[in-house]
Amino acid sequence: MTTQLLSPATVPTSRRAALTADPRVLVATGAAAIALTGVFVKLSAVSPATATFYRCALALPILGVLAAREWRRHGGIPARAMWIQIVGGVLLGIDFALWSQSITLIGAGISTVVVNIQVVIVPALAWVVFRARVPVRFVIAVPFLFAGIALVSGIFGGGEGGGDAVAGTVLALTSGVAYAVYIFLTGRAGGAGRPATQVLVTTVAAGVSGSVVGSIWGGVDLTPGWDAMGWLVALALSGQVIGWMLIGFGLPKLPAEVGATLLLIQPVLAVVAGMMFLQERPTLIQGLGCAVVVTAVWMVSVPPRARVGTAVPVVSG
C-alpha cells in the first residue's frame with residue numbers, strides 16, 4: 001500500500017462532482033483497502049521476498065496503462081525526478097520486505113500500527129533539513145508514541161501467537177523509517193501532474209530492492225500456488241492500485257484535519273481485520289499500546305486549525 005505526501009488543494013466548486021465522488025468516502029475507502037494489505041500478506045503464507053515481488057509486479061500492468069496516458073498528455077518526468085523516484089522506490093521496497101516479515105512475528109494488525117511511526121518521522125526530517133520550528137504538539141506526542149510502541153512490543157507483557165515480539169516491532173519500526181524517507185524524498189521530486197508515472201517508477205525499483213532484502217528470509221517463489229496467488233493479486237490491487245488511487249484523488253480535496261483523521265481508519269481497521277480474519281488476539285497491554293500509538297499519530301498529523309493547503313502524510317501499509 002503505497003502513496004506519497006499529498007498537499008490538499010482547493011475543494012472543487014462543482015456540487016455535482018462533490019455528490020458523485022465525495023472525497024471523504026474516497027479517502028475512507030482507500031484507507032480501508034490499505035488496511036487489508038497486512039491480512040493479504042499473512043494469508044498468502046509466502047516469504048517477504050515473494051510478497052514484495054508479486055505486490056509490485058502484479059500492479060505494473062495497471063500502473064503502466066495510467067502512466068502511458070500521462071506520457072501522452074504531459075510527456076515524461078524530468079531526469080532529476082526520475083532518479084529521486086528510483087531512490088525512493090529502493091527504500092519503499094525495503095519497507096515492504098521488513099514489514100512483511102514483521103507481520104509473521106507480531107501480526108498484521110500490530111505491525112501496521114507500529115509502521116505508522118512514519119507520520120512522526122516525515123515532519124521531523126523536514127524540521128531537521130529545513131530548520132523549521134518544532135511544533136509543541138510534536139514534542140508532546142513523541143514520548144507517548146514510543147511508550148505505546150514499547151507496550152506493543154510485548155516488553156511489559158508478551159504478545160500471543162508466538163514469534164519474537166521485540167524483533168517484529170524493531171522490523172516494523174525500521175520499515176516505518178524507510179517509508180518515511182521515501183515520502184520525504186518523493187514528496188519533493190517534482191514532476192507534478194504525473195503521479196502514475198512516478199508510482200510506476202517507484203514500484204519497479206521497490207520490486208527489485210524488496211525482493212533482494214526479503215531474500216534474507218527466503219528467495220522469491222515463482223510458483224507460490226493458486227491460493228497464494230489469489231491473495232497476492234488482492235494485495236497488489238489493494239495496496240498498490242486501489243488504495244493509492246482513491247486516497248490520491250480524494251485527499252487533496254479535503255481540509256488537512258479531515259484527511260488526517262480519516263487516514264487513521266487504516267491502522268485501526270488493520271487491527272480489527274487481523275482479529276476478524278486471522279484470529280489475532282493482542283494482549284490487553286498491546287491493545288493499550290495500539291491506542292496510545294494511534295492517539296500520538298493523531299496529535300502529530302492533525303495540526304490545530306488546519307486548513308485546506310496543509311500537507312498530510314499518508315499512512316503506510
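Is Tyr182 buried or exposed? I looked it up: Tyr182 is buried, at 1% relative accessibility, where buried means under 20% relative accessible area, exposed over 50% and partly exposed in between (1.4 Å probe, protein chains only).

**Ground rules.** I am working with a predicted model, in which local features need pLDDT of at least 70, side-chain atom pairs count only at pLDDT 80 or more, and totals for chains, interfaces and linings use all residues. Residues are numbered from 1 along each chain as its sequence is written, and side-chain values use heavy atoms, with hydrogens and water left out.

**Overall.** I found 15 helices and zero strands; these are DSSP runs numbered from the N terminus (helices H or I, at least four residues; strands E, at least two). Of the 317 residues, 53% are buried. I then looked at contacts, meaning heavy atoms within 4.5 Å. Among those with a separation of 6 or more, 92% join residues 24 or more positions apart. The protein exposes about 13,600 Å², 70% of it from carbon and sulfur atoms; the areas come from Shrake-Rupley with a 1.4 Å probe, and for residues only the protein chains shown count as cover.

**Aromatic pairs.** My rule takes rings of Phe, Tyr and Trp (its six-membered ring) with centres within 6.5 Å, and calls planes under 30 degrees apart stacked, over 60 edge-to-face and the rest tilted. That gives three pairs. Phe40 and Trp231 are stacked, because their centres are 5.9 Å apart and their planes at 25°. This pair links distant parts of the chain, with Phe40 in helix H3 (residues 37–44) and Trp231 in helix H12, 191 residues apart. Phe40 is buried at 13% relative accessible area, while Trp231 is partly exposed at 34%. Tyr179 and Tyr182 make a tilted pair, 5.5 Å centre to centre with 35° between the planes. Both sit in helix H10, three residues apart, so about one helical turn separates them. Tyr179 is buried too, with a relative accessible area of 0%.

**Salt bridges.** I required a side-chain nitrogen of Lys or Arg within 4 Å of a carboxyl oxygen of Asp or Glu, and got two. Arg24 and Asp22 meet at 2.9 Å, N to O. Glu280 pairs with Lys42, their closest N and O atoms being 3.8 Å apart. Glu280 is in the loop between helix H14 (265–277) and H15 and Lys42 is in helix H3, so this bridge ties together parts 238 residues apart in sequence. Glu280 is buried at 12% relative accessible area, whereas Lys42 is partly exposed at 32%.

**Helix H8.** I checked H8 (residues 118–130) end to end: its 13 residues reach 18 Å from first C-alpha to last, close to the 18 Å expected at 1.5 Å a residue (1.5 Å times one less than the number of residues). Its buried residues include Val120, Ile121, Pro123 and Trp127. Among the elements covering the buried residues of H8 are helix H7 (108–115), helix H9 (136–152), helix H10 (165–186) and helix H15 (284–301). Just after H8, Arg131 takes a positive phi of about 60°.

**Nonpolar patch.** Leu58, Ile62, Val233, Leu237 and Ile242 form one on the surface, with about 330 Å² of accessible area together. Patches take residues with over 30% relative accessible area and no salt bridge, joining like charges within 9 Å and nonpolar side chains (Val, Leu, Ile, Met, Phe, Trp, Tyr) within 5 Å. Helix H12 (residues 226–250) gives the most, three residues. Ile242 lies in H12 and is partly exposed at 40% relative accessible area.
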